Amino acid sequence: MRLSIERADFADPELGVFLQAHLDELAPTAPAESRHALDLSGLRAPGVRLWVARMSGELVGTGALAEVEPAHEEIKSMRTDPRRRGQGIAARVLDHLIEDARRRGIRRISLETGSMDFFVPARTLYAKAGFVPCPPFGAYVDDPNSAFMTRELA
């Protein structure tokens, strides 16, 4: 099946359901103050760009970039439908985000993800894509439930 990646249509009810499932899946992983995933309204904010990945019309993944400061953006809302994990969807979405940022002159992309075992696949994906551990950035503070990573873009 062919994967397509396009800007999100916030009027699509499937998007809201998909993103709420993401928040629900993350809820048991850390206390509320350590969960930094954006809800639908947060993803609509100025300075945030959200994409969806589809296979045969079915929403199978999301990924967003949010401005931290000029030329520095953060990856948000990376999610693959649990039934589709292991098929390379997240890697394709991540590549798309990196290329979009590079085309727009962004020099650095960072991210916050969980430090728990649940997030090992995510941290592994990011490390394979050239992200390295870093201190908290933007408004984040040191948190034992968070892992911070960054990548400089050429």
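# Briefing: a pocket, its surroundings and the strands

The largest pocket is lined by 38 residues, and M78, T113, F119, A122 and Y126 lie nearest its centre. The model is predicted.

**The largest pocket**

- The largest pocket holds about 880 Å³ of space.
- Its lining is made up of 17 nonpolar, 13 polar and 8 charged residues.
- Rolling a probe the size of a water molecule over the atoms shows where empty space is left.

**Aromatic pairs**

- There are 5 aromatic pairs in the structure.
- One of them joins Y126 and F131. Their ring centres are 5.8 Å apart and their planes stand at 65 degrees, so this pair is edge-to-face.
- Both Y126 and F131 are buried. Y126 is also among the residues nearest the centre of the largest pocket.
- F137 and F148 form another edge-to-face pair, with 6.0 Å from centre to centre and 85 degrees between the planes.
- F137 lies in the loop between β6 (132-133) and β7 (146-152), while F148 lies in strand β7, so the pair ties together parts that are 11 residues apart in sequence.
- F137 is buried, with a relative accessible area of 5%. F148 counts as buried too, at 7% relative accessibility.

**Charges over rings**

- R7 lies over the face of W51, and the distance to the ring centre is 5.3 Å.
- R79 places its charged end over the ring of F18, 4.5 Å from the centre of that ring.

**Paired strands**

- Strand β1 (residues 3-7) and β2 run antiparallel and are joined by 5 bridges. In this pairing, L3 stands opposite M55 in β2.
- β2 also pairs with β3, again in the antiparallel sense, over 8 bridges. Here V52 stands opposite T62 in β3.
- The hairpin of β2 and β3 has 2 residues between the strands. In that hairpin, S56 takes a positive phi near 50 degrees.
- How much of β2 is buried? The count is 7 of its 8 residues, so β2 is largely enclosed by the rest of the structure.

**Positive phi away from glycine**

- A71 is not a glycine, yet it has a positive phi of about 70 degrees. A71 sits in the loop between β3 (58-69) and β4. A71 counts as buried, at 16% relative accessibility.
- S77 is not a glycine either, and its phi is positive at about 55 degrees. S77 is found in strand β4. With 6% relative accessibility, S77 counts as buried.

**An exposed proline**

- P46 lies in the loop between α2 (40-43) and β2 (48-55).
- Is P46 buried or exposed? P46 is exposed, with a relative accessible area of 80%.
- P46 and P121 are 75 residues apart along the chain, and their C-alpha atoms are separated by 30 Å.

Key: Residues are numbered from 1 along each chain as its sequence is written. This is a predicted model: local features need pLDDT of at least 70, side-chain atom pairs count only at pLDDT 80 or more; totals for chains, interfaces and linings use all residues. Side-chain values use heavy atoms; hydrogens and water are left out. On a 1 Å grid over the protein atoms alone, a cavity is a set of points where a 1.4 Å probe fits but cannot get out, and a pocket is an open set with protein on both sides within 12 Å along at least five of seven lines; lining residues have an atom within 4 Å of a point. Grid points are joined across faces, edges and corners, and a volume is the space filled by probe spheres set on the points. Ala, Val, Leu, Ile, Met, Phe, Trp, Tyr, Cys and Pro count as nonpolar, Asp, Glu, Lys and Arg as charged, and the others, Gly among them, as polar. Rings of Phe, Tyr and Trp (its six-membered ring) pair if their centres lie within 6.5 Å; planes under 30 degrees apart count as stacked, over 60 as edge-to-face and the rest as tilted. Buried means under 20% relative accessible area, exposed over 50%, partly exposed in between (1.4 Å probe, protein chains only). Helices (H or I, at least four residues) and strands (E, at least two) are DSSP runs, numbered from the N terminus. A charge sits over a ring if NZ of Lys or CZ of Arg is within 6 Å of the ring centre and within 35 degrees of the ring normal. Two strands pair if DSSP finds at least two bridges between them.
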